[in-house]
Amino acid sequence: MKLSPQTRRDIKDVLGLLLGTFSLFVVICGILVGPDILAAIAADHPIAMATHAFLAAR
C-alpha cells in the first residue's frame, strides 16, 4: 500500500507528538521521584553506614 507524502508527514507528526508526550511524562516523574530514590541510595551507601556507626559509637 502506497502512502501519500501528506499521510507520511501526518504519521511522523503523530509519532513525534507521542514521543514528546512520553518524554515529558518521564521527565516530570524523574523530577518528582528522583530525590527519593537518590536519598534511598545515599542512605544505603557503605560510607554513610560507616559514618552512622562511627557517630553512634561516640
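A: What follows concerns helix α1 and its surroundings. The model is predicted, so local features are given only at pLDDT of at least 70 and side-chain atom pairs only at pLDDT 80 or more, whereas totals for chains, interfaces and linings use all residues. Residues are numbered from 1 along each chain as its sequence is written, and side-chain values use heavy atoms, without hydrogens and water.

Helix α1 covers residues 5-43, and its 39 residues reach 55 Å from first to last C-alpha, close to the 57 Å expected at 1.5 Å a residue (1.5 Å times one less than the number of residues); helices are DSSP runs of H or I with at least four residues, strands runs of E with at least two, numbered from the N terminus. At V33 the helix α1 bends by about 45°, with the proline P35 following within four residues; the bend is the angle between axes fitted to the seven residues ending at a position and the seven starting there.

L38 lies in helix α1 and, at 60% relative accessibility, counts as exposed (over 50%; buried is under 20%, partly exposed in between, with a 1.4 Å probe and protein chains only).

As for the setting, the protein has 2 helices and 0 strands. Its radius of gyration, 24 Å, is well over the 10 Å that the globule rule gives for 58 residues, so the protein is more spread out than a compact globule (C-alpha atoms; 2.2 Å times the number of residues to the power 0.38). The C-alpha atoms fill a box of roughly 75 × 20 × 10 Å along the principal axes, and 3% of the 58 residues count as buried.
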